[in-house]
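Work through the exercises below with the model open beside the text. Try each task before reading its solution.

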Amino acid sequence: MEMESHINPGPIYKSVLYDQDNHISSAIWNGQERGVLRCHEHTSMLEQWRLTPKQAELVEKAGFSYFRSIPTIVLDNSLISALVERWRRETNTFHLPVGEMTVTLEDVALILGLPIDGNPVIGVPVKTPHSVCEDLLGKAPKDLNGGMLKLNWLRECFSRCPDDAPVEEIERHTRAYLLYLVGCTIFSTTTGNKVSVTFLPLFEKFDEAGKYAWGAAALAFLYRALGNASLKSQGTISGSLTLLQCWSYYHLNIGQPKFNEEPNHSYFPFALRWKGRSTGSRSKTNIVAYRKALDSLQPSDVKWFPYKDFDYTVIPEGIKNKMILRTSKTMLICFGKAERHLPDRCLRQFGMPQPIPEDVQIWERKIPAVDQGVDLSKDMESGGKGKMRSEIREWLERRLHILEGEEGVDESTYMEWYENITRKFVGRPESLESEFQRIAAAMREIANIADSLLVEQMEFQDRKLLDEIKSTVHVCLTDVVGNSKNGRCKNAVKRKREGG
């Protein structure tokens with residue numbers, strides 16, 4: 001273990017990752033394994049909802065027609081957990097060996113098909129949660145604790161709208177569906193199978209609901225969830241984990257499922273590429289294997305710009321026309337959550353060279369006024385001069401902060417800077433001695449299995465092969481136990497095959 005004592009996992013300079021001591025990677029490096037996170041996304045019952053054609057029209061008005069077509073995608077909890085270990089809330093990016101990467105507004109628009117432009121998702125003045133439900137759903141549950149509605153109650157009461165229902169009843173059923181939809185996906189919580197009533201008033205008028213930047217709010221919510229889960233004190237994660245997992249599938253050559261058939265690139269949204277995705281069940285790769293893969297990630301394992309060869313004619317004009325916002329350095333807002341969108345740290349994801357980025361300004365992540373139901377819509381209309389001045393103003397001015405690539409950028413300068421400010425390793429690199437011990441244990445197991453076979457019942461050719469296996473294992477064990485140089489075991493196997 002002498003090798004490990006000389007390794008500095010980083011950061012060497014803590015000006016960027018100033019919260020390293022509270023990050024999960026510090027605990028893992030010190031031998032305190034957290035294990036796999038509990039992942040909260042409750043999409044399995046969505047298919048039980050049956051929408052009438054009129055309901056489908058209202059859902060489209062509200063901006064969720066493409067999003068609702070995404071089926072349940074089985075989550076790889078180990079992959080998600082390993083990605084979280086690389087997330088840094090100081091920069092809202094993954095810190096990987098190749099540089100910083102993140103889930104961007106472009107990813108939300110293309111993977112989920114949600115609008116990334118529009119009004120920020122903020123609260124409106126409401127009465128009590130009970131009265132909101134009575135007004136907009138026509139009924140309210142008895143156990144409306146903390147303003148949280150049980151998803152089961154919504155499904156049991158509203159998943160079947162009669163074909164001959166009056167307009168008011170159709171609208172109530174549709175509001176319930178939309179609340180259920182966001183509550184089990186983009187705004188899923190770690191509190192269990194529940195959704196906040198605060199989202200319900202935003203669906204009162206479906207045309208108005210369609211003017212919100214739901215995709216930006218979903219990304220703010222996911223950033224917050226990733227940041228919370230990256231702390232060593234946490235054991236759960238929520239938010240749009242389907243978005244996170246599909247983002248990883250598109251950008252990283254790690255944990256991607258196998259396809260029964262060649263993927264169809266003409267689907268939209270792009271999450272549909274991964275439906276019915278694998279020949280087997282959920283991934284059996286454990287978190288340690290994913291962690292090692294991320295710790296040793298090579299440039300060849302990364303697709304910085306994975307959508308460039310896709311058929312862009314399948315992308316709806318309403319989404320394509322807003323894609324300029326993909327490089328907006330702005331503030332993402334979802335009620336009381338304010339999170340920075342920092343594409344300047346991940347310009348290679350937009351086909352641009354990466355210079356050393358500007359320092360990240362520390363920002364106020366929680367806006368209590370919104371959580372208390374204060375009406376900030378007037379503040380927004382007034383140009384951001386009220387209680388949420390800076391956050392609202394940043395979003396209102398999102399088009400003024402579109403980034404463009406620089407000329408003459410030397411990325412080697414960036415990487416030299418990056419290696420000093422990043423966390424290089426999450427898991428401790430395996431020492432040569434440990435690797436030898438692991439190989440030796442595996443070889444002994446093979447030898448024991450070979451010795452346990454009944455040679456008398458074998459054909460001559462099978463006995464010959466078994467003798468060859470035993471001889472090869474013996475040579476390998478001799479090399480490994482004798483502390484020979486790395487690679488001689490492989491050479492011994494080669495010599496046996498060649499008859500040398």
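**Exercise 1. Find the residues through which helix α4 and helix α11 meet, and describe how the two helices pack.**

Solution. Contact here means heavy atoms within 4.5 Å. Helices (H or I, at least four residues) and strands (E, at least two) are DSSP runs, numbered from the N terminus.

Step 1: sort these residues by class. The contact of α4 with α11 has six nonpolar, two polar and no charged residues. Ala, Val, Leu, Ile, Met, Phe, Trp, Tyr, Cys and Pro count as nonpolar, Asp, Glu, Lys and Arg as charged, and the others, Gly among them, as polar.

Step 2: take the geometry. Helix α4 covers residues 77-84, and its axis is 10 Å from that of α11, at an angle of about 80°. α4 is therefore roughly perpendicular to α11. Axes are lines fitted to C-alpha atoms, for helices over the stretch in contact, and angles run from 0 to 180 degrees between N-to-C directions. Angles under 35 degrees count as roughly parallel, over 145 as roughly antiparallel, 65 to 115 as roughly perpendicular and the rest as oblique.

The model is predicted: local features need pLDDT of at least 70, side-chain atom pairs count only at pLDDT 80 or more, and totals for chains, interfaces and linings use all residues. Residues are numbered from 1 along each chain as its sequence is written, and side-chain values use heavy atoms, with hydrogens and water left out.

**Exercise 2. Determine how many residues of α11 are buried.**

Solution. Step 1: apply the cut-offs. Buried means under 20% relative accessible area, exposed over 50%, partly exposed in between (1.4 Å probe, protein chains only).

Step 1: go through residues 241-251. Of the 11 residues of α11, 11 are buried, and the helix is mostly covered. Among them are C246, W247, Y250 and H251.

**Exercise 3. Locate V103 and list its contacts beyond its neighbours within four places in sequence.**

Solution. Step 1: V103 sits in the loop between β4 (99-101) and α5 (105-112).

Step 1: check its cover. V103 counts as buried because its relative accessibility is 0%.

Step 2: list the contacts, which are F94, L219, Y223, L243, L244 and W247. For L243, the C-alpha atom is 8.5 Å from that of V103, although 140 residues along the chain lie between the two positions.

**Exercise 4. Describe the crossing of α3 and α8.**

Solution. Step 1: the axes of α3 (residues 53-61) and α8 (residues 167-183) come within 10 Å and cross at roughly 55°. The two helices are therefore oblique to each other.

Step 1: name the residues. From α3 come K54, Q55, L58 and V59, which meet I170, E171, H173, T174, Y177 and L178 in α8. By class, this contact of α3 with α8 holds five nonpolar, three polar and two charged residues.

**Exercise 5. Which residues of α6 are buried, and what covers them?**

Solution. Step 1: α6 spans residues 129-137, and its buried residues are S131, V132, C133, L136 and L137.

Step 1: their cover includes β5 (148-150), α7 (151-158) and α8.

Step 2: G138 follows α6 and has a positive phi, near 85°.

**Exercise 6. Find the backbone features at P11, P269, N92 and F335.**

Solution. Step 1: G10 and P11 are joined by a cis peptide bond with omega about -5°. P11 belongs to the loop between α1 (2-5) and α2 (24-29).

Step 1: F268 and P269 are also joined by a cis peptide bond, with omega about 0°. P269 is in the loop between α11 and α12 (287-295).

Step 2: N92, a residue other than glycine, has a positive phi near 55°. N92 lies between β2 (87-88) and β3 (93-96), in the loop, and is buried at a relative accessible area of 2%.

Step 3: F335 likewise has a positive phi, near 55°. F335 is placed in the loop between β8 (330-334) and β9 (337-341), and is buried with a relative accessible area of 9%.
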